[in-house]
Amino acid sequence: MAYTTINDPSKYFQTVLWSGSGSGQAITNGGNSDLQPDFTWIKKRAGGSARSHQLYDSTRGTTELLHSDGTNAESTQGAGLTAFSSDGFTVGSDDGVDGSGGTYVAWQWKANGGTRTTNAESGNNPAGGYQVNTTAGFSIVDYVGTGAAGTMAHGLGVVPNVIIVKNRDVADAWAVYHGANTAAPETDYLVLDTTAATVDDAAWWNDTAPTSSVFTVNTNHSVNADAENYIAYCFANVQGYSKFGSYIGNGNVDGPFIYLGFKPALLIYRNTAGSTDWVIVDTKRDSINVCDEELYANLNNGTGDVDLLDILSSGFKCRRTHASQNGNGVEYVYMAFAESPFVTSTGIPTTAR
């Protein structure tokens, strides 16, 4: 039996909920371990007007805002996320993060406290840097495009399974590489901010699979325009903590069970071939099976009540027949992060949900 190297996922990933005050506040995590996040993804859930997702990271700096549900260039939001702290973060009074009467969720990942390894431009290879947490299989990569096919170091030491790229300077789509997207994922791309199905196009990843040291970007404006600034979030499978894979739906309410090797705290999934949303489920917002509270990475909508699934001690099980989750013969890709491993490094199984 294989064991995880991470017995406490809350050291590297946590979800937190809060109610808005209208005046800004410190948000503190409640996991087993303190977590100073380097990547924080915030969404207003309900209360008043719908607001876009707000994404911040310690490489770009506090107040520097991107929206997963839009192509917008990076902007400065002085009343957004204003500080990262030793066990959470501070938000200002913007309605997207702390409006009076609103309810909010944030998903947080730990990288390297903002400390980057830098590299210079070399031929067509972009200049930039990365901050990495190799234990958790996560790195934040920043680079300046060259407009020609080149490689960028990610620092993981293993092949990344997911790479999410955004042009910070102009209104470009969010590019997604997923290692389980079709039989040749390096030839295809997905877009985070739309429902668009998988597209085969060499202009994104140059039909070149990432390696344990670099990923390749070609000439598409969304990933590598000359002299424009980019950010990339890179994730790799870590046994018992994170998994990025695919499954085939059966079109039945007794849907497929997807084994992860852990009880997921966060699950993001989508149909690769159809025009469906990027569905986000987490166990903070929905702690009782059957789970049906969802948000959408590509929409500013508040919490929906549509997809049904069970969160289990070692994975998840589909309970709906809709094309967004469990169409018959349809392929889905997912990203999952652990609440607790199924089997710990001491060989102790976790309690089934």
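Let's start with an open sheet of 8 strands, lined up as β10-β11-β12-β19-β14-β15-β16-β17 with antiparallel pairing. At its edges stand β10 (117–119) and β17 (199–200); each has a single partner strand, so one side of each is left without a neighbour in the sheet.

A few words on what you're looking at. This is a predicted model, where local features need pLDDT of at least 70 and side-chain atom pairs count only at pLDDT 80 or more, while totals for chains, interfaces and linings use all residues. Residues are numbered from 1 along each chain as its sequence is written, and side-chain values use heavy atoms, with hydrogens and water left out.

As for the terms, strands are DSSP runs of E with at least two residues, numbered from the N terminus. Two of them pair if DSSP finds at least two bridges between them.

| Strand pair | Bridges |
|---|---|
| β14 (residues 162–167) and β19 (residues 229–235) | 6 bridges |
| β3 (residues 39–46) and β9 (residues 103–109) | 7 bridges |
| β15 (residues 175–178) and β16 | 2 bridges |
| β16 and β17 | 2 bridges |

Lys-166 has Ile-231 in β19 as its bridge partner. Further along the sheet, Val-176 is bridged to Leu-190 in β16, and Tyr-189 sits opposite Val-199 in β17.

Strand β16 (residues 188–191) deserves a look of its own. Asp-188 and Leu-190 point one way from it, Tyr-189 and Val-191 the other way, and all are buried. Buried here means under 20% relative accessible area, with a 1.4 Å probe and protein chains only.

Now for the other sheet. It's open as well, with 4 strands in the order β1-β9-β3-β4 and antiparallel pairing. Its edge strands, β1 (13–19) and β4 (54–57), each pair on one side only. Within this sheet, Thr-40 finds its bridge partner in β9, namely Gln-108.

Finally, where does Thr-216 sit? Its place is in strand β18 (residues 214–217). Thr-216 has 10% relative accessibility, so it counts as buried. Setting aside neighbours within four places in sequence, Thr-216 is in contact with Gly-150, Thr-151, Trp-204, Trp-205, Asn-206 and Thr-208; contact means heavy atoms within 4.5 Å. Asp-169 is 47 residues from Thr-216 along the chain, and their C-alpha atoms are separated by 20 Å.

Technical notes. Buried means under 20% relative accessible area, exposed over 50%, partly exposed in between (1.4 Å probe, protein chains only).
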